[in-house]
Amino acid sequence: MMNPGLQYPIFGPEIQCPHCRQTIPALTLTDTYLCPRHGAFEANPKTGELIHLQSGRHWRRWNSEWYRQHTHPDGIRFEIHEALDKLYTQGYRATRVIIARRYQELMSGYLERSTPWRSGQPEATSARLYGLPVEFSPEPSEDPCWEVINFDLEKEPGVPVRYPYFRLFE
């Protein structure tokens, strides 16, 4: 008799679609999940990734949430912009963006740089995105979630002073 767990891909008999979050079934005896709206997703047991076959986008899971693994800076910039909009609608303002260290090189050309000047003494250059200070995460060996998640927003209650997030397409 065959073990029923071996009939399904690595994430089990069903998952939430990374796009629409509806529950989608696994196709038995394959590594595939099928969403009626978004098509097929293939689970890669070696990397632990879920790959959308139509677009080639890769996703990884942390604490039951799917995180898209970006290969282009516009993807992560857009995701951060959406999260900022969501905070705004919930009555919060972001105070800082922490981006996964694995994206540091990818994002370096897209961050706003400013060098404060006081009495002729240059200080460290501060990176900003959408007007917010940017830091990069610790190494995944120090905090494993940063191997999967893309960014985190520090927030506080209130509306942004100048709502700087409209600069996405500048």
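Accessible areas here come from the Shrake-Rupley method with a 1.4 Å probe. On that basis, the protein chain in this predicted model has an accessible surface of about 10,500 Å², and 50% of that surface belongs to carbon and sulfur atoms. Here is a quick tour, from the whole chain down to one tryptophan.

**The chain overall**
- The protein chain contains two helices and 14 strands.
- Of its 170 residues, 35% count as buried.
- Among contacts with a separation of 6 or more, 52% are between residues 24 or more positions apart.

**An open sheet**
- Five strands line up in the order E3-E4-E5-E6-E7 to form an open sheet with antiparallel pairing.
- Strand E3 (32-35) and strand E7 (65-69) are the edge strands, each pairing on one side only.
- From one strand to the next, the twist averages 30°.
- Within this sheet, strand E5 (residues 49-52) pairs with strand E6 (residues 58-62) over two bridges, in the antiparallel sense.
- If you are looking along E6, you will find Trp59 opposite Leu50.

**A closer look at Trp146**
- You can find Trp146 in the loop between strand E13 (132-136) and strand E14 (151-157).
- Trp146 counts as buried because its relative accessibility is 7%, and the cut-off for buried is under 20%.
- Leaving aside residues up to four places away in sequence, Trp146 touches Ile98, Ile99, Ala100, Arg102, Ser137, Pro138, Pro140, Phe151 and Asp152.
- Phe136 lies ten residues from Trp146 along the chain, and their C-alpha atoms are 9.9 Å apart.

Terms used: Residues are numbered from 1 along each chain as its sequence is written. This is a predicted model: local features need pLDDT of at least 70, side-chain atom pairs count only at pLDDT 80 or more; totals for chains, interfaces and linings use all residues. Side-chain values use heavy atoms; hydrogens and water are left out. Two strands pair if DSSP finds at least two bridges between them. Helices (H or I, at least four residues) and strands (E, at least two) are DSSP runs, numbered from the N terminus. Axes are lines fitted to C-alpha atoms, for helices over the stretch in contact, and angles run from 0 to 180 degrees between N-to-C directions. Buried means under 20% relative accessible area, exposed over 50%, partly exposed in between (1.4 Å probe, protein chains only). Contact means heavy atoms within 4.5 Å.
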